[in-house]
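Reader: I am new to this structure and would like to learn how to read it. Please take one feature at a time.

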Amino acid sequence: MTLPENWSEYLLEHPLPVRRAIHQGMCRELLSESPDFPRLVGWLRRDPAAASFVLGAAASGQRQRERSAPHNLEHALSLLGSNWARNQLPTLPILENTIDDEDQRAGYLAASSRAMRAARLTEAWLIERRETNYEMVSVAALLHNLVELALWRDAPELARQALAIARKSLIDFTRNDAEDASLDRCFSVGHAFATVLGEAGIDLLELETALTERYYLPVMLLAEEATIPTLGAHHEAILVLARRLAFASEFGWHHAVILRLTIAIADQLHLSPTAAWRVTVKKSLVDAREFANIPLYHPGRLLVQHDDGRDLLWPLPADYGLDADENGCHASGNPTRSTTPGRQLGDTIRQLTRFDQVEEIALYENVDASVSQRRFHWSRSGQADLPETIGLGKSPLLSRLQSRLETLGIDEQNRERLAPHLDTALKAATRAGLVIAPLAVNGTLISTLFVRGPQGEQQRDIISSLDRA
């Protein structure tokens, strides 16, 4: 797939697609005789394509009147009016109808998620600074990667190429000199896209400048100082840090680049690194719960803390489109850490996701003698058959497996005999086949791995993979 001729003009005539859930939410609000603009803004803030369309239309109108562009969504809607909203917003293309290829759509959604994470972090950090103009900077963060979204729609192979460059830069920097070198020498998603577009004969800065005629990009927000004199250098610094953290956290939260970013964030917030980390983690965990219901992937779900200091599982490649064979899964590639139990288990789970029949993987930890709580979850379909909690008293078979550290496969041959000894939720999960594997360190149970879907020979291959881990 190649870019359309005169791509900048094409982008001006073809708005970016909006997720169906956002489109439906906006249309419901617009059915009212007097739409509730704050609720409508709530929908717009969840989608960079929809937000850019509204802000761009309002900015264009203001430009024609030689007035300053609006710098928040509510102001933009008030300038455009409810009639404009009713006539224009329902005409926006819907993502699920526009992009049929699942991998291409997943890339678009990952870029959308990254933009939203950057916007939320920017807002949280500026509120921590007691600033009142946080929304305009948050808007800039939300719209910082519209060109990436456009590439996922029009030329996904170029988007993948740019992300591969950025990921390799991040991993190489972490392995080689993350402790000493300046972060300015580290990864930059923007530079990666500039490089790839330059090879295609497109100047990224010129493209962004052209798009400000229709869309509302950070290049306008941060360059037109006479229009917005309240913004200072620290706003741009915070925005850049949010963009970098949104990208770097996809590789996990416990590697050197995250530490370096946290120190830089602390400097901007006038906090200690520990306090800045707490602010960031708190916001990320809240957003991760919200994103799960949207649904969008948020690496904040990796932030479940362990008191015993074990390595956390890093994100699965399927969550954000990373090609593990070409780019590596871990930002921290220090070989002295690669044999830790957490790393081994993470690599094993990644291998299990490549089995055709594996539909779902979950890790459970015993909260007490009666309840086991799910701490990690992956599903090929995005749906969860394995429950959030398991009542150990209602699963004598599971209690026995955990106490003896025995691995068990349940399929059509032994389902009738074993299912009555599991609680209701687990009994239902065995319909597709289930592997249950208690995991231990130095003979002490730390968690139990469930792999749903495989049966027969593949079930034996999975048990063999777990035995080697």
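Author: Start with burial: a residue is buried under 20% relative accessible area, exposed over 50%, and partly exposed in between, with a 1.4 Å probe and protein chains only. The model is predicted, so local features need pLDDT of at least 70 and side-chain atom pairs count only at pLDDT 80 or more, while totals for chains, interfaces and linings use all residues. Residues are numbered from 1 along each chain as its sequence is written, and side-chain values use heavy atoms, with hydrogens and water left out.

Reader: What percentage of the residues of the protein chain count as buried?

Author: Of 469 residues, 53% are in the buried class. Accessible areas come from the Shrake-Rupley method with a 1.4 Å probe, and for residues only the protein chains shown count as cover. The chain exposes about 21,400 Å², of which carbon and sulfur atoms supply 47%.

Reader: How many helices and strands does the protein chain have?

Author: Helices (H or I, at least four residues) and strands (E, at least two) are DSSP runs, numbered from the N terminus. The protein chain has 24 helices and six strands.

Reader: How do I read contacts, and which residues does leucine 422 touch?

Author: Contact means heavy atoms within 4.5 Å. Not counting residues up to four places away in sequence, leucine 422 touches Lys394, Ser395, Leu397, Leu398, Ile410, Lys427 and Thr430. Leucine 422 sits in the loop between helix 22 (415-418) and helix 23 (424-429), and its relative accessible area of 3% makes it buried. Its C-alpha is 6.4 Å from that of lysine 394, although 28 residues separate the two in sequence. For the chain, 67% of the contacts with a separation of 6 or more join residues 24 or more positions apart.

Reader: Is asparagine 145 buried or exposed?

Author: Asparagine 145 is buried, at 6% relative accessibility. It lies in the loop between helix 9 (134-142) and helix 10 (146-154). Leaving aside neighbours within four places in sequence, asparagine 145 is in contact with Ala111 and Ala115.

Reader: How many salt bridges are there?

Author: Side chains of opposite charge can pair when their charged atoms come close. The rule asks for a side-chain nitrogen of Lys or Arg within 4 Å of a carboxyl oxygen of Asp or Glu. The count is 17 salt bridges.

Reader: Where does the salt bridge of arginine 374 and glutamate 388 lie?

Author: The two side chains meet at 2.9 Å, N to O. Arginine 374 is in strand 2 (residues 371-379) and glutamate 388 in the loop between strand 2 and strand 3 (389-391), so the pair ties together parts 14 residues apart in sequence. Arginine 374 is buried at 15% relative accessibility, whereas glutamate 388 is partly exposed at 45%. Elsewhere, salt bridges with shared partners join Arg46, Arg120, Lys283, Asp287 and Glu290 into one network.

Reader: What about glutamate 131 and arginine 129?

Author: Their side chains also form a salt bridge, 2.9 Å from N to O. Glutamate 131 is buried, with a relative accessible area of 14%, and arginine 129 is partly exposed at 23%.

Reader: Which residues form the negative surface patch?

Author: Patch residues have over 30% relative accessible area and no salt bridge; like charges are joined within 9 Å, and nonpolar side chains (Val, Leu, Ile, Met, Phe, Trp, Tyr) within 5 Å. Lys and Arg count as positive and Asp and Glu as negative, without His and the chain ends. A charge is placed at NZ of Lys, CZ of Arg, CG of Asp or CD of Glu. Here Asp100, Asp101, Glu102 and Asp103 form the negative patch. Aspartate 100 is in the loop between helix 7 (95-98) and helix 8 (102-128), and is exposed at 64% relative accessible area.
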